[in-house]
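Please report on the structure shown below. Cover its fold, its salt bridges, its nonpolar cores and its pockets.

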Amino acid sequence: MPDVPPIDALRVRAQPFPLDLAARRAFADRMNGLASMRMAGARFDLDDAHVLRLRLEEVAEHHLGGLGTRAVNGAVIAGLFDAALGVAGTAQFLPQRAGTVELSIKLMRPAFEAPLEVLAIKHSPHLAFTEAELYAEGKLCAVASGIVAVASSPKQGEAFW
């Protein structure tokens, strides 16, 4: 039986998102509408007040890497982590613009089967230090950490999300 991702263990370390459920859902909808997310086939879920979920429900041919296996390409995994960490951090600074400025990944085992699920949290009260874990078939396959920084404030009358 596969391990279940440790949502409760992550939740204990997480700083809650400073948005109510409706605002988190609206932000997730906006992020899910980005062309990059539609092309990747991944979707954000911000229903939990502490833990962001990013799921890739199906591993397609364009997600696969080399090495003669059907493992998910490391660049795809990096993209999922960048998206999850960036959105987890950016959600702390709305309506300001923010983005990932540092990303570190440790690949621990190949991820072969969908769904892939990335769980991301922010765990610092003053800076957006973020961390995430990637699971395939309920097994931990990779971990990542990142730093998200505020880029600029929206212009007057301009909404970021």
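## Terms and model

A salt bridge here is a side-chain nitrogen of Lys or Arg within 4 Å of a carboxyl oxygen of Asp or Glu. The model is predicted, so local features need pLDDT of at least 70 and side-chain atom pairs count only at pLDDT 80 or more, while totals for chains, interfaces and linings use all residues. Residues are numbered from 1 along each chain as its sequence is written, and side-chain values use heavy atoms, with hydrogens and water left out.

## Overall fold

The chain contains four helices and six strands. Both are DSSP runs numbered from the N terminus: helices are H or I with at least four residues, strands are E with at least two. Along the sequence the order is α-α-α-β-β-α-β-β-β-β.

Of the 161 residues in the chain, 42% are buried. Buried means under 20% relative accessible area, exposed means over 50%, and partly exposed lies in between (1.4 Å probe, protein chains only). Contact means heavy atoms within 4.5 Å. Among contacts between residues at least 6 apart in sequence, 66% join residues at least 24 apart.

## Salt bridges

The structure has eight salt bridges. One pairs E117 with R53, at 2.4 Å from N to O. This pair links distant parts of the chain: E117 sits in strand 4 (residues 116-122) and R53 in strand 2, 64 residues apart. E117 is buried, at 6% relative accessible area. R53 is partly exposed, at 29%.

E117 also bridges to R55, with the closest N and O atoms 3.4 Å apart. R55 is partly exposed, with a relative accessible area of 25%. Through shared partners, salt bridges join R53, R55, E57 and E117 into one network.

Another salt bridge joins D48 and R11, whose closest N and O atoms are 2.4 Å apart. D48 lies in the loop between strand 1 (42-45) and strand 2 (52-56), while R11 lies in helix 1 (residues 7-13), 37 residues apart. R11 is partly exposed, at 28% relative accessible area.

## Nonpolar cores

In soluble globular proteins, nonpolar side chains tend to be buried together. A nonpolar core is a set of buried Ala, Val, Leu, Ile, Met, Phe, Trp, Tyr and Cys residues joined through side-chain atoms within 4.5 Å. The largest one here has 37 residues, and F44, L52, L54, L80 and L134 have the most contacts inside it. At least two residues of this core come from each of helix 2, strand 1, strand 2, helix 4, strand 4, strand 5 (128-136) and strand 6 (139-152). Helix 4 gives the largest share of this core, nine residues.

Apart from this core lies another, of seven residues, including I7, L10, V51 and Y135. Which residues does L54 touch, not counting those up to four places away in sequence? They are M37, A42, R43, F44, L80, A83, A84, L116, E117 and V118.

## The largest pocket

Pockets are found on a 1 Å grid over the protein atoms alone: a pocket is an open set of points with protein on both sides within 12 Å along at least five of seven lines, unlike a cavity, where a 1.4 Å probe fits but cannot get out. Lining residues have an atom within 4 Å of a point. Points are joined across faces, edges and corners, and volume is the space filled by probe spheres set on them.

The largest pocket has a volume of about 200 Å³. Its lining has 16 residues, with M31, L34, D82, A83 and V87 nearest the centre. Helix 2 (21-32), helix 3 (35-40), helix 4 (74-90) and strand 3 (97-107) each supply at least two lining residues. Helix 4 supplies the largest share, six residues. The lining divides into nine nonpolar, six polar and one charged residue. Ala, Val, Leu, Ile, Met, Phe, Trp, Tyr, Cys and Pro count as nonpolar, Asp, Glu, Lys and Arg as charged, and the others, Gly among them, as polar.

V87 belongs to helix 4. V87 is buried, at 7% relative accessible area. Leaving aside neighbours within four places in sequence, V87 contacts F27, M31, F44, L46 and L52. V87 and M31 are 56 residues apart in sequence and 8.0 Å apart in space, C-alpha to C-alpha.

Q92 lies in the loop between helix 4 and strand 3. Q92 counts as buried, at 14% relative accessibility. Beyond its neighbours within four places, Q92 contacts Q15, P16, F17, P18 and K122.
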